[in-house]
Structure formats: C-alpha cells, structure tokens
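Colleague: Please take a close look at one helix pair in this model. Then place it in the wider architecture.

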Amino acid sequence: MAERWQDEAWAKDMWWSGKTTRRRLLGLSATAAGALGASMLVPAPWRAAFGQAKPFKIGVLQPLTGTAAAGGKTALVGTQLATDRINRSGGINGRPVELVVADYESKPDVGRRKAEKLLVEDKVDIGEGGYLSNVCLACMPVFEEHKTIWMIGVCLDTTITTSKCSRYVFRPFDYAPSQAVAFAPYLVNKLAKKWHIVFLDYAWGQTTRDAYVEQIKKAGGEIVGTTGILLGAPADTVTSSVSNIRGNFDGVFAIMFGANAVTFTNAAYELGLFKKAKYAGDGAVAESTHLATLGQKIEGFTGVNRYIPVLTKPLDTPAHKKFFDEARVKLKQIDPSGPDPDRYVQSNFEAMNFLKLGIQKSGFRDREDSMKLIEALEGMEVKEGDDFPQGDKTLRKEDHQAFLRQFIFDIHNNKHRLLEVVAKDKTVVPPACTFAKA
Amino acid sequence: MIPFDQILVQIVNGLVNGMILALVASGLTLIFGIMDIVNFAHGELFMLGAYIGTTVFLTTGNFWVALVGSVVAMAVIGAVLQVAALRPLVGRDPLTTILATFGLSLVIQNYALWQYGPVPRRIIAPVTGHFPLFYVEYPVYRLVIALLSAAIIGGLYLFMKHGKHGIWIRATTQDRVMAAAMGIPVPWVHTVVFAIGAAMAAASGVLYGPTIGVNHAMGFDFTLRAFVVVVVGGMGNLGGSILASIFVSLLESLASIWVSPAQAIIVAFVALILTLLVRPTGLFVPTPK
C-alpha cells in the first residue's frame, strides 16, 4: 500500500497528472508578461487629451469587498462619474484627474493600512471616499500625519467633524445632528409622540441615536427605549432582538444602512412591529437599492435623506436629471438590475466637485499646497447646478462640515415620494470642533 | 422581572433558528467527517445557492422550483469544485485544504458580487400569514423553514442509515483505506459527499432568502456560527451538530433578553471556548468507554 493516499493505483486517474515542463512554463510566462506589458503601453483614454500634463492623483478608499461592499461599489460610481466628467471637460487647471482606488475590505485595520499605502507608496495628492464610519475614524489620523486632505464621501459619524475633527478632513454632506434637527419636528408632530429607536451599534449608529434622542425630546416627543443591533448581525440575532422590542410606543425609528437595514425591516415586518407602530428612520434604511428587495415590507416608511431619486419639484432641474440619467447608466454597469442613484453616489460625486472647485480656486499643485487648498475649501459656498445637483451647500470653516437641504419622504408604491423639503438654513447646528494646532 | 411570554417567544425563536443553522451545519460536518476538510467556503455555497434560487425564481416565478433548481445546480457545482480544487489536495497537510477552501470562498463571494451586483436580491416566501404568539405576530413561513430543515436533515439521516450509497459514505468515514479495499470508490464518495453538502447549503440559502434578502455577504455569518456548532457538537458528528445548533441558538435567543444583541452573540463563542477547554471532542459525543 502506498504511503500517500493519492498515490494508490485506484486514485491515479482521478486528477490530471500531466507534466509542466520548464520550457512550457517559461513560454507561458513570457506570453503573459508580453500581454500585460502591451496593455500597460496603451494609454488611459484621458492621456491623449492632456499630453504630458501631470495628473492629480486622488486616492479613493472604499469597501469593495466584505460586508459593506454593496455601498462601497455604488459610492465609487459617484467618484468615477465626477472624474469622467471633469476629465471630459478639460481636467482641473489643464491637468487630468487620476483615481487610485484602494479596497479596504470593510475592515478598519485594512483601511488604515491602505490609507498609508495610498499616501506613502502611491503618493496621492488628495484622499477621497470612506463609507464606514469606523474606518473613517481609523484613517483620519493617517491623513493628518501626512498633511494630506481627505474629502470624505460617505461616513456620517458625528464626531468626524466634532470631537475628532481634523483640519485635513472635510465632510461635504450632512451629518446626524443636522438631519435630526430637520426631521424631529416632523416625527413628533405628524407621526408619533413615543418612539423606540433601533440603531446600528457602532460609531455612526450610536452618535446618530444620541442626536435623535436629543432632538425628539426637544420637539416634545418621548424616547421609550432603544435597541442596538450589531453591525453585520446575523438575521436570527436581529429576529431575537426585534422580538424583545415591546412597550408603550407608537413609532419605531431605525438607524440602519445596507444589509442590516434589509434584515431589520424584514424581521420587524414579519413579527408585526409595523402594525403596532409607525415606521420611520434614517434615509439609508430605504435607499433605492433596497426597495426591490423589501417590496411591500418598506411601504409607508417615512425618512429623511440628503438625496432621493425623484424628479419632481424641486428636484426636477436639468442638472439633477442629467446626474440621475448618467448615474443610472454607470450603476447598470455594476448591477444588472440598474438601480436608481442613492445618496452614496450623490455625495461622492459632489465631493469630487468640491475638490475641483477648491483646486481651481487655490492653484493647488500637489500635497505641498495642502494648506492652500484647505483655506480655499473652508467656508466655500456652492450653488445648485451640474456640479451640485442635490442643491446649494456651505462647507463651514469652523468644523469642515457641510450644510444642505434635507428631503423628508415616504415610500409609496415602492418608490420615494417627497413630502417636505427642509431648507439648508434650518439644518444648521452650532460647531463643536477645535482643530489641533498645526 | 422578565415576562414569561417573552422567554417563550425567545424559545420559539431559538428552536426555529437552530433548525436553520442545523441544516447549514450538517452539510459542513458531513464534509468534515468524510473528507477531513474544514470547508471555509461553505457559507459561500449557501450564498451562491440563494443567488441561483433568485435566478430560477425570476425565471419561473415558483419558489419550490427555485428551491429544487438551486439544490440540483449547487450539487453539480459542488461536485465540480471538489474534483477540480479539493481532490488534488487529498492527503496533504490540513492547512492546505483550509487555505484552498478559504480561497474558494473569496472567489465565490467576489464572483457573486460581479455577476449579481451589489443590490440585494429578492425571493418571495411561498407561504405568507402570521399567527399570534403572545405579544408578537409570528410568521408561519419561519415555522415552515424549520420543518423543512428538519425534513431534509431527516432525509439525509435515512439515506445514510439505509441507502446503499449512504452505507458507502459511513464506511468511508470509519476507514477509508478499508472501504477502498472493499471496492468502494472512495474518491467518488468524497465527490458525492461534497455535492450533498453544497446542495444542503443551497437549500438553506433559498429557504432563508425570503427572510433576509439575498446578498453577497450573507454566507459569512453562517460559516462562523456553523463552525461553532460543528465544534460544540463534535467534529464530524451529524447528530451532535444538530443538537448543538439548537443548543447554541437557544442560548443566543435567551441571552438577548438580558444582554445586548452584541453580547448575546458572544454566548455562542463562550460555549465554543468552554467546549474546547472542558470537552474538546464535543458536548454531544458519547464519552468513550
């Protein structure tokens, strides 16, 4: 009997046992290397238009694999959409934009490592992207250490522009305190007085919960209880958690996104929670990418969001229509179902346009000019148009937090329906940031 | 004081969740018992099965056809994977197969993301309706999943106990060299077992799909928890894994009454550590005499 099981006579014909000669291996390697080299010689489409102009290298951090990949992929579409548009229209100050995309696998430690790599090895001029708040928080010190600007594209954790703010980090979209100020009066006056909050138990969920607790109470409502659900919690754990929600409340407020939002809505609907109480929450619960999956279960949900894919007034502008159509084409390339754009596409698209305007204004050339770009971005006011289809914005100097209008909506016939627009000025909350001394 | 009805609701949750977990874990433990392969790609087979289910469902509009179609397709895919990726590694260091299945899991996950896109897919439950269970309205479909899981596991048990090929599988588990000497085609037994494991993962994926929405990351949770129950139940012990699934799910459900959901998940891992410390062969394995 043979010593190794697979050397047995009866096992011989079970797998390929041909020989790979050195000559054959070398031949294949040379062919592969040639093909790779040839593909590298073909210039990127924008290179022909810009001649020898040195591109601005923008390092983009997104979770393209792992639990948050779904959101990361749509977020990247926003960045690419804006970049294509910038390069098509002559670049920035005659220089093209080149994206260096890093996948942080939905993990903070990988995010930090990839941020280091972008800054040290790839030598990017500016950073963009984000998505998971815990990753943003982990990477912020890296950008600060390398004195490089990071224009965050998604992360919503409040502390990013409050207690942990950084002179090098900008958030060109809303955050929970603004959303809560905009939404709480509607929640209390038009939906329910007593609320139970269900939140994702990590950085963003916790700070958003705190913001809503404060504002709902301020608006005259009451918080009866809160339930934390672990980021990426298995469905049966979510079912157990939902089964424990009981008490005297008439509204359930969910602070969730991505697969967690789908799992929670499924479980809460199945256990009849929405028959007892109104269902409302952060707009991320009902992003366009979730609607088909949730079907009837999300019907009647009321939320607040900086972006909703509707083309009715005041979002019936040519700029928004253009953005909407272009984003849909691009999204279809990554998802055959062709979803409508969501807030992740919008905020990354606009983040890149903030950078474009800042670079144009400051004459930024590379990382050495970071401070010039920071000064150009601080306090920047932008108007609704092709660069900012969502609406006007102010990027506040004191904390690098943007303020913008909010949309209160509900889900009607499996589509977003705009109920109210909260003006930009009504979403402003006082700054709570002290930048570290340079 | 915790209301008694809340405890009862959580016991029902624990039993239902336990049966679903048992279906996933039984495929995993079967593969380990026969092939000594710790299949890190099992969760991805669960996920891929669910995706194939959505495709068949979209084409036919029938959940049961989707279930059967997915099971058959995944059995074939499982067989191909075993022959192409795992068979050449038989007899090598166990670490090699761990790395190979881990690699497979990454490939399958990213394939699903590329093929189906990031938007979660929908598969509609064939049974709707609720029944009152104290203060909640319990969905009938969750009971259907539990019963179907039990039926599939029962079918597997009968096949293993009485079927000719089931006997071949048991013989190979006990002594693969002797089984080969008796004329049992051991490599093909391995292939069939892997195909059965993949098919069971697919069945759980399709059954569970309507309650969570099908997405590329759905397999990860199950892989981790299925490994916990396989260890707690005794590696390669089918009955032990089923009991451990129910035990761990009950523990988690009941724990969620007193502690936060995040801490409730820890209970499963505490059970795992205690098992490894106190009874490494598994809690539900008879003590050798």
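Modeller: **The helix pair**

Helix 13 (residues 343-362) of chain A packs against helix 14 (residues 370-377) of chain A at an angle of about 110 degrees, with the axes 8 Å apart. Helix 13 of chain A is therefore roughly perpendicular to helix 14 of chain A; that term covers 65 to 115 degrees. Axes are lines fitted to C-alpha atoms, for helices over the stretch in contact, and angles run from 0 to 180 degrees between N-to-C directions. Helices are DSSP runs (H or I, at least four residues), as are strands (E, at least two), numbered from the N terminus.

Phe354(A), Gly358(A), Ile359(A), Lys361(A) and Ser362(A) of helix 13 of chain A make the contact with Lys372(A), Leu373(A), Glu375(A), Ala376(A) and Leu377(A) of helix 14 of chain A. Contact means C-beta atoms, placed from the backbone, within 7 Å. By class, this contact has five nonpolar, two polar and three charged residues. Ala, Val, Leu, Ile, Met, Phe, Trp, Tyr, Cys and Pro count as nonpolar, Asp, Glu, Lys and Arg as charged, and the others, Gly among them, as polar.

The model is predicted: local features need pLDDT of at least 70, side-chain atom pairs count only at pLDDT 80 or more, and totals for chains, interfaces and linings use all residues. Residues are numbered from 1 along each chain as its sequence is written, with chains lettered from A and ligands numbered from 1 in the order written.

Now the domains. An automatic or database assignment gives chain A domain 1 (47-174 + 315-404) and domain 2 (177-305 + 411-415). 19 residues of domain 1 of chain A touch 19 residues of domain 2 of chain A.

How values were computed
Contact = placed C-beta atoms within 7 Å. Parallel < 35°, antiparallel > 145°, perpendicular 65-115°, else oblique.
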